[in-house]
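Colleague: I am new to protein models and would like to learn how to read one. Could you walk me through some features?

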Amino acid sequence: MALHSASANSKLIFAPAGQEAHGQAEQFTKGSLTRRDLDGESPVGQFHGWFATARSSGLVAHPETCSLSTAALPSGRVSARMVYLKELDARGFVVYSNFGTSRKAADLATNPWAALTFWWEGLERQVRVEGRAERLSPEESQRYFDTRVRGSRIGAWSSRQSQVLTPAPAPEGPEGGDEEEDDGRRMLEGWVQETEKRFEGRDDVPVPDFWGGLRIVPESVEFWQGRQNRLHDRFVYLKEPGEGDVHRWSLERLSP
């Protein structure tokens with residue numbers, strides 16, 4: 001990796017600290033983590049406990065929010081986006097999205113490995129999940145899809161996620177003088193209108209075959225608790241080889 005030295009005046013952002021433009025970062029002081037605090041059997045049980053704490057604390061607005069990272073092969077280029085965790089079961093962590101035209105779909109087609117990161121600032125806690133991704137069955141995806149408001153179900157059918165939206169040509173002549181120039185939004189709204197017409201009068205909107213659940217089956221799960229002077233508490237569960245769906249996990253403390 002090349003090293004680059006820039007003058008102080010060239011940095012648009014340098015050492016920000018919360019609301020301060022410059023300063024020393026705040027200390028993490030809200031907790032500690034030891035081995036005896038952790039579930040001795042499974043990271044899934046441990047995550048469930050931490051998630052419940054985050055949800056009931058009043059300090060984390062949306063504890064289900066996480067970053068989903070994927071990487072394409074052979075380039076190795078990584079992409080990440082914010083998503084919502086929608087399900088947790090013994091097998092792993094489930095999110096829902098478009099898997100037809102999206103960047104994540106292209107990545108996963110070449111590389112099934114993915115990662116989730118949860119950041120619960122109010123508790124100064126972080127959870128990192130790494131594992132292989134697998135699609136849920138259409139039946140499982142339909143059960144979740146039915147809980148969404150109709151507009152979101154229509155939107156799932158309509159959006160060709162990550163595809164370029166082409167602006168409509170500007171109207172010619174004086175009649176187009178006051179009309180706002182289209183930046184591509186009109187194409188998306190046209191797709192929505194087509195979908196509304198397709199499912200007009202129906203509430204039983206089926207889940208699209210290109211949309212559904214993705215389960216990250218964990219191979220490693222790290223629990224991080226912020227501590228003073230960046231001497232954080234970090235513990236990682238690592239899946240040990242086993243047969244079937246029954247696995248043992250090792251648990252190790254990591255240096256910050």
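Predicted model: local features only at pLDDT ≥ 70, side-chain atom pairs only at ≥ 80, totals over all residues.

Colleague: Which residue forms a salt bridge with Arg253?

Modeller: The partner is Asp233, and the closest N and O atoms of the two are 2.8 Å apart. Asp233 itself is buried, because its relative accessible area is 5% and the cut-off for buried is under 20%.

Colleague: How many salt bridges are there by this rule?

Modeller: The count comes to 14. Another one joins Arg215 and Glu140, with 3.7 Å between the closest N and O atoms. That pair links distant parts of the chain: Arg215 belongs to strand β7 (residues 211-225) and Glu140 to helix α3 (residues 138-145), 75 residues apart.

Colleague: Are Arg215 and Glu140 buried, partly exposed or exposed?

Modeller: Arg215 counts as buried, at 6% relative accessibility, while Glu140 is partly exposed at 26%. Both also belong to a network of salt bridges, which links them with Asp89, Arg91 and Glu134. For another pair, look at Arg202 and Asp204, whose closest N and O atoms are 3.2 Å apart. Here Arg202 is partly exposed, with a relative accessible area of 34%, and Asp204 is exposed, with 52%.

Colleague: Now for the nonpolar parts. Which residues have the most contacts inside the largest nonpolar core?

Modeller: They are Phe47, Leu116, Phe118, Trp120 and Val127, in a core of 32 residues. Take Val127 as a case: leaving aside neighbours within four places in sequence, Val127 is in contact with residues including Trp50, Thr117, Val221 and Phe223. There is also a second, separate core of 12 residues, and among them are Tyr96, Ile154, Val205 and Trp211.

Colleague: What does Ala156 touch, leaving aside its neighbours within four places in sequence?

Modeller: Ala156 is in contact with Phe145, Pro208, Phe210 and Trp211. You will find Ala156 in helix α4 (residues 150-158), and at 8% relative accessibility Ala156 counts as buried. Ala156 and Phe145 are 11 residues apart in sequence, and their C-alpha atoms are 9.5 Å apart in space.

Colleague: What lines the second largest pocket?

Modeller: Its lining includes Pro16, Phe28, Lys30, Trp119, Glu121 and Arg230. By class, the lining has five nonpolar, two polar and five charged residues. About 260 Å³ of space lies in this pocket.

Colleague: And how do I read the backbone angles?

Modeller: The general idea is that most residues other than glycine have a negative phi, and most peptide bonds are trans. In this model, phi of Asn229 is near 60 degrees, a positive value, and phi of Arg230 is near 65 degrees, also positive.

Colleague: Where does Arg230 lie?

Modeller: Arg230 lies in the loop between β7 and β8, and Asn229 is found in the loop between β7 and β8 as well. Asn229 is exposed, with a relative accessible area of 55%, whereas Arg230 counts as partly exposed at 33%.

Colleague: Which residues does a cis peptide bond join?

Modeller: Leu73 and Pro74, with omega at about 10 degrees. To find Pro74, go to the loop between β1 (65-71) and β2 (78-84).

Notes:
Residues numbered from 1 in each chain as written. Heavy atoms only, no water. Salt bridge = Lys/Arg side-chain N within 4 Å of Asp/Glu carboxyl O. Helix = DSSP H or I, 4+ residues; strand = E, 2+ residues; numbered from the N terminus. Buried < 20%, exposed > 50% of the residue type's maximum accessible area, 1.4 Å probe, protein only. 1 Å grid on protein atoms, 1.4 Å probe; cavity = no way out; pocket = protein on both sides within 12 Å on 5 of 7 lines; lining within 4 Å. Points joined across faces, edges and corners; volume = space filled by probe spheres on them. Nonpolar A, V, L, I, M, F, W, Y, C, P; charged D, E, K, R; others polar. Core = buried A, V, L, I, M, F, W, Y, C linked by side-chain atoms within 4.5 Å. Contact = heavy atoms within 4.5 Å.
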